Amino acid sequence: MIKYNEVTIQRILNPTSIDLGEFVINPYKGCVFGCEYCYVRSNRVVQNRKDPWGSWVDIRVNAVQQLKKEIEKKRPRTVLLGSTTEVFQPVERTRRLTGQILELLNAYTVHYVILTRSPVILDYIDILKKGFCDAVYFTVNSFSDRLKKKLEPCSPAFDARFDAVDILLQNSIPVIPYLSPALPWITDCDTVFERLKNAPRLDCECLNFHLSRIGAVFDLIGKEDPELLKKYLRMQAEPEYYAKVWQVFRRRVEDEAAKRNRISHVFVHEYRKFFENQYK
């Protein structure tokens, strides 16, 4: 049972270290997808909640009204949507906070970039085609259904995401498929490239081994494949092996992209470094 809480906020345009906008907008707090490797789970405020991650969503009911006030005061040029929540999670279909925000941004000619992994974005194609959407970074992946149920228990099906990317491309929406997190020996890169054959660009972010909950992620992988767990633990313990594995992975992705005449950026987190949001 998901707990939905209506809350009010004092600010909706928040500073961000992500180099995709001057400010970030999160119309919701929490996310029902419950991905094990979500870096938001490490947030101190989230960890202080009694209910587990994935079981609650705060609906910021005054987000649209507050945004109008702040746009008129701060005059942002570009904003980012969805740094710490999924802006198109299922509740959006009834509350439409994100949709109203997009309409407001269009009305004020504020450009925006969206982070998502949800096909619900397709409900707003007409709004996105108004010309102020600079990019949609759409998270995709490909591995077994059994492991997905463990690592991403409630996220949209991978096939549904591939289909959504295709539809956005067909409608000339500037979408960038974002393979994240890439899991060595698990993520099926060939399938991702094949399913996204119409995408001119595919970016990739490798699993961050410095996440606070990385042990839980490893445990779930180990239950599926104990031998694979040994490799992951070795990557965690040996910086040279860590670098070698990702070097091979990066080369494979870049070679595949070149063979298919695609643009591809592969982001590998530095060994034992904290998460950094970097886009090229």
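Two residues are taken to be in contact when heavy atoms of each lie within 4.5 Å. The structure described here is a predicted model, in which local features need pLDDT of at least 70, side-chain atom pairs count only at pLDDT 80 or more, and totals for chains, interfaces and linings use all residues. Residues are numbered from 1 along each chain as its sequence is written, and side-chain values use heavy atoms, with hydrogens and water left out.

By this contact criterion, glutamine 89 touches Tyr28, Gly30, Cys31, Val32, Phe33 and Val57, when residues up to four places away in sequence are not counted. Glutamine 89 lies in the loop between β6 (78-81) and α3 (92-95); helices (H or I, at least four residues) and strands (E, at least two) are DSSP runs, numbered from the N terminus. With a relative accessible area of 0%, glutamine 89 is buried (buried means under 20% relative accessible area, exposed over 50%, and partly exposed in between, with a 1.4 Å probe and protein chains only). The side chain of glutamine 89 reaches the backbone nitrogen of valine 32 at 3.2 Å.

Empty space inside the model was examined next. Rolling a probe the size of a water molecule over the atoms shows where empty space is left. On a 1 Å grid over the protein atoms alone, a cavity is a set of points where a 1.4 Å probe fits but cannot get out, and lining residues have an atom within 4 Å of a point. Grid points are joined across faces, edges and corners, and a volume is the space filled by probe spheres set on the points. The search of the whole structure finds one cavity of 30 Å³ or more, and the largest cavity holds about 540 Å³ of space. Its lining consists of 31 residues, of which Cys38, Tyr39, Arg117, Thr139 and Ser180 lie nearest the centre. Two or more lining residues are given by each of β7 (111-116), β8 (133-140), β9 (175-182) and β10 (203-206). The largest share, three residues, comes from β9. By class, the lining has 17 nonpolar, 11 polar and three charged residues (Ala, Val, Leu, Ile, Met, Phe, Trp, Tyr, Cys and Pro count as nonpolar, Asp, Glu, Lys and Arg as charged, and the others, Gly among them, as polar).

Strand β9 also contains proline 181. A cis peptide bond, with omega about -15°, joins serine 180 and proline 181. Most residues other than glycine have a negative phi, and most peptide bonds are trans. Tryptophan 185, which is not a glycine, has a positive phi of about 70°. Tryptophan 185 is located in the loop between β9 and α8 (189-195) and is partly exposed, at 42% relative accessibility. Asparagine 261 likewise has a positive phi, of about 60°, and is not a glycine. The loop between α11 and β11 (266-267) holds asparagine 261, which is exposed at 71% relative accessibility.

In helix α9 (residues 214-224), the buried residues are Ile214, Val217, Phe218, Leu220, Ile221 and Gly222. They are covered by elements including α6 (145-151) and α10 (226-237). The axes of α10 and helix α11 (residues 239-259) come within 5 Å and cross at roughly 115° (axes are lines fitted to C-alpha atoms, for helices over the stretch in contact, and angles run from 0 to 180 degrees between N-to-C directions). Lys231, Arg234, Met235 and Ala237 of α10 meet Pro239, Tyr241, Tyr242, Val245 and Trp246 of α11 in this contact, which has seven nonpolar, no polar and two charged residues.

Methods:
On a 1 Å grid over the protein atoms alone, a cavity is a set of points where a 1.4 Å probe fits but cannot get out, and a pocket is an open set with protein on both sides within 12 Å along at least five of seven lines; lining residues have an atom within 4 Å of a point. A polar contact is a pair of N or O atoms within 3.5 Å; within protein, one must be able to donate a hydrogen and the other to accept it, and residues adjacent in sequence count only if both atoms are side-chain atoms.
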